[in-house]
Amino acid sequence: MANETLEQLAKADYEWGFTTDVEQDVLEPGISEDVIRVISAKKGEPEWLLQWRLEAFRRWQKMEEPHHWAKVHYPPIDYQAIRYYAAPKQKKKLESLDELDPEIRRTYEKLGIPLEEQKLLAGVAVDAVFDSVSVATTFKKELEKHGIVFCPFSEAVHRVPELVQEYLGSVVPQGDNFFAALNSAVFTDGSFVYVPPGVRCPMELSTYFRINASETGQFERTLIIADRGSYVSYLEGCTAPMRDENQLHAAVVELIALDDAEIKYSTVQNWYPGDAEGRGGIYNFVTKRGKCLGRRSKISWTQVETGSAITWKYPSCILLGDDSVGEFYSVALTARRQQADTGTKMIHIGKRTKSTIVSKGISAAYGQNTYRGLVRIQKGADGARNYSQCDSLLIGDKCGAHTFPYLEVQNPTAQVEHEATTSKIGEDQLFYCQQRGLSTEDAVNLIVNGFCKRVLKELPMEFAVEAQKLLGVSLEGAVG
Amino acid sequence: MTVPMLEIRDLHANAGDKPILKGLSLVLERGEVAAVMGPNGSGKSTLANVIAGKPGYEVTSGEVLFEGRDLLALSPEERAREGVFLAFQYPVEIPGVGNMYFLKQAVNAVRAHRGLEELDAMEFLQLAREKMKLVEMKEELARRGVNEGFSGGEKKRNEVLQMALLEPKLCVLDETDSGLDIDALRVVAGGVNALRSPERSMLLITHYQRLLDYVVPDRVHVLAGGRIVKSGGKELARELEEKGYGWVQAQAGVPVEAR
């Protein structure tokens with residue numbers, strides 16, 4: 001019976017698989033120093049940034065794709081076949097949201113993004129990234145009152161050049177890894193946030209990424225700086241239309257928290273996962289890292305990863321300041337033929353630094369889910385503490401779950417705890433729910449949401465509701 | 001003559017590949033409480049699971065009619081929504097899913113099916129509190145995950161609580177008395193008795209007479225070798241308690257299986 005349901009539900013469609021017909025300003029496929037110069041010129045960037053990009057490109061050319069260690073498999077990527085720039089064509093600067101291309105507006109409406117000003121009530125400020133360029137930023141005025149800078153990255157380069165120059169690449173250097181180097185060379189846009197000392201950001205800041213143009217790699221660059229004693233909560237949502245070919249997404253996110261500052265970064269990732277046979281889908285190769293530079297600073301990553309054909313990401317914390325805190329809460333779901341190799345790195349450098357890792361992996365259909373996490377306690381990190389919990393849930397018997405916890409402790413006063421479990425959604429649990437009148441899908445949703453509860457409760461309320469729905473949608477076709 | 005609540009005609013069923021029910025016939029009238037008693041391995045739990053539609057059980061021939069309609073044609077959740085309730089012998093745990101949330105989902109799924117409006121959180125909580133008194137359930141258990149860390153007795157109370165909330169027409173209680181101490185048994189039995197009504201029928205599946213001291217059945221059926229071999233009034237239960245099952249099996253020509 002369960003298998004029939006599986007077959008039946010496997011046909012469930014990706015709900016967000018529409019494309020938008022907008023005139024695009026695109027570059028021919030391929031990467032070279034000239035392409036980078038064109039991108040930089042289109043953005044009117046200062047010379048130092050162009051040089052910084054070129055430096056990254058030269059490093060990238062000498063690097064090798066990290067095929068060997070991650071538990072993901074895909075055919076070689078032809079980097080000369082990718083377009084590195086695609087922007088919706090616009091005649092002039094927009095005065096208000098009403099002037100936005102109606103096609104783009106409609107796309108966002110389908111996605112349910114609160115672009116409208118009246119959504120101010122919802123308390124969400126959105127910086128929407130449509131392919132490579134930020135098309136609209138809302139709530140700027142309200143934020144400016146508090147001295148908060150929240151704008152597209154390309155704008156920040158002009159508005160607050162000294163902040164960008166000081167912190168860009170300070171957490172994820174140009175040569176950090178293959179994909180980060182590629183991003184550093186060709187990134188087109190992203191979000192920038194600066195919260196001044198002592199300011200508690202009055203609303204959740206949000207970016208919605210969407211990949212539209214075919215063969216377009218999306219390379220965003222996000223930089224968030226929380227100055228002394230400030231607080232900011234940042235939400236990132238991602239969707240992509242359906243395409244047969246794979247699209248590369250290689251973003252870099254850098255977070256910096258100074259003394260007593262706190263950054264909460266939440267992601268709900270729903271890139272197109274490919275079809276049931278594994279055709280198409282996004283390659284999500286992302287580098288996310290936060291630096292707790294100041295004392296008593298805190299960086300908290302929460303991610304719900306339901307999309308992408310392949311997810312390769314390890315949102316990490318460098319706990320430099322004494323008494324700083326790093327957290328990583330993750331739900332990664334792989335269904336269809338999706339692969340995820342995800343986890344975190346917690347690098348304890350400062351004294352009495354503390355980290356918490358809670359990872360929930362869900363595998364269904366032919367999904368392969370790997371948790372890979374490093375906890376490193378360096379020599380000077382007296383009294384450092386870590387708690388890790390990694391749980392895997394299997395739905396059906398053709399999927400897989402793998403856990404690779406790495407532990408490097410160089411300080412004898414450290415306390416490190418690790419717990420791990422693997423369980424299977426039992427026929428008995430399903431039947432119990434059905435006997436109480438719940439449908440199979442509702443029953444699976446219920447069980448999965450129960451499993452993820454510890455992570456979901458870390459998300460801001462509205463986001464948590466969306467994440468729950470998304471888990472449900474992603475699992476359609478996975479019950480077995 | 002009204003249509004019986006449940007009518008089973010010459011039912012043959014396998015658990016996995018193994019034939020367990022071999023020509024079982026049974027009639028349960030509206031409002032009737034009947035006990036199905038039998039030795040281990042006689043097919044008691046198979047009967048309960050076939051009625052509820054558990055995967056892994058295959059009906060090879062025969063009929064099960066619920067209010068005159070073909071019950072076997074319905075999916076497990078449709079049966080539940082139509083009013084068939086199984087109190088499990090071993091209720092499962094669902095970690096992280098709040099007990100109250102689960103019960104609310106279940107109640108609203110059944111209500112939607114019956115064309116009633118869904119209850120909101122406040123209305124549901126009020127209803128649940130009232131029903132919890134019936135089984136003397138602690139508030140604290142309502143806040144935990146479904147059956148998560150519940151004792152055997154607490155799980156059975158939770159089953160009866162669900163039964164009270166879902167207001168089924170047909171209740172099948174699978175060894176609800178097993179693993180209960182005398183106090184818990186009294187509470188659970190009290191809950192079951194409170195739910196007796198002329199509109200509701202119950203099938204009490206049990207090995208022992210014990211539960212029947214508290215929930216007095218209208219009829220007693222003896223199940224052996226996969227069919228009903230003897231039926232009688234409540235005094236039959238006592239007779240079985242005194243003499244064991246051997247004599248009924250012998251009378252019916254059912255070989256006593258080695259256990």
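**Thr370(A)**

I started at Thr370(A) and listed its contacts, counting two residues as touching if their C-beta atoms, placed from the backbone, lie within 7 Å. Leaving out residues up to four places away in sequence, Thr370(A) touches Lys71(A), Ala340(A), Asp341(A), His402(A) and Phe404(A). I place Thr370(A) in strand 20 of chain A, residues 368-377; helices (H or I, at least four residues) and strands (E, at least two) are DSSP runs numbered from the N terminus.

Buried or exposed? I find Thr370(A) buried, with 24 other C-beta atoms within 10 Å. My cut-offs: buried means 20 or more other C-beta atoms within 10 Å of the residue's own, exposed means 12 or fewer, partly exposed is in between, and the C-beta atoms are placed from the backbone. I also took one distance: Thr370(A) and Val358(A) are twelve residues apart in sequence and 14 Å apart in space, C-alpha to C-alpha.

**Ground rules**

I am working with a predicted model, where local features need pLDDT of at least 70, side-chain atom pairs count only at pLDDT 80 or more, and totals for chains, interfaces and linings use all residues. Residues are numbered from 1 along each chain as its sequence is written, while chains are lettered from A and ligands numbered from 1 in the order in which they are written.

**Chain A overall**

I checked pLDDT, the predictor's confidence in each residue from 0 to 100. Chain A has a mean of 81, and 78% of its residues reach 70 or more. Where does it stay under 50? I noted residues 1-12 of chain A, for which the model has 19 contacts beyond four places in sequence. I also noted residues 116-123 of chain A, with nine such contacts. Where pLDDT is low, the predicted coordinates should not be read in detail, so I leave the detail there alone.

I get eleven helices and 23 strands for chain A. Of its 480 residues, 55% are buried. Among contacts in chain A between residues at least 6 apart in sequence, 83% join residues at least 24 apart.

**Chain B overall**

Chain B comes to nine helices and twelve strands. Its radius of gyration (over C-alpha atoms) is 18 Å, close to the 18 Å that the globule rule gives for 259 residues, so chain B is as compact as a globular protein of that length. That rule is 2.2 Å times the number of residues to the power 0.38. The C-alpha trace of chain B spans about 55 × 40 × 40 Å along its principal axes. I find 47% of the chain B residues buried.

**Where the chains meet**

I count 22 residues of chain B in contact with 18 residues of chain A. On the chain B side, the elements giving two or more residues are helix 2 (76-82), strand 7 (94-98) and helix 3 (99-113). Which gives the most? Helix 3 of chain B does, with five residues. By class, the chain B side has 15 nonpolar, four polar and three charged residues.

From the chain A side I looked up Gln429(A), in helix 9 (residues 427-435). Gln429(A) counts as buried, with 22 C-beta neighbours inside 10 Å. Beyond four places in sequence, Gln429(A) is in contact with Ile447(A), Val92(B) and Ile94(B).

**Helix 3 of chain B**

I went back to helix 3 of chain B: 15 residues, reaching 21 Å from first C-alpha to last, close to the 21 Å expected at 1.5 Å a residue. The expected span is 1.5 Å times one less than the number of residues. Its buried residues include Phe102(B), Leu103(B), Ala106(B) and Val110(B). Just after this helix, Gly115(B) takes a positive phi of about 75 degrees.

Most residues other than glycine have a negative phi. I noted Asp10(B), in strand 1 (residues 6-15) of chain B, with a positive phi of about 45 degrees. Asp10(B) is partly exposed, with 13 C-beta neighbours inside 10 Å. Glu167(B) also has a positive phi, near 45 degrees. I find Glu167(B) in the loop between helix 6 (152-166) and strand 9 (170-174) of chain B.

Notes
Nonpolar A, V, L, I, M, F, W, Y, C, P; charged D, E, K, R; others polar.
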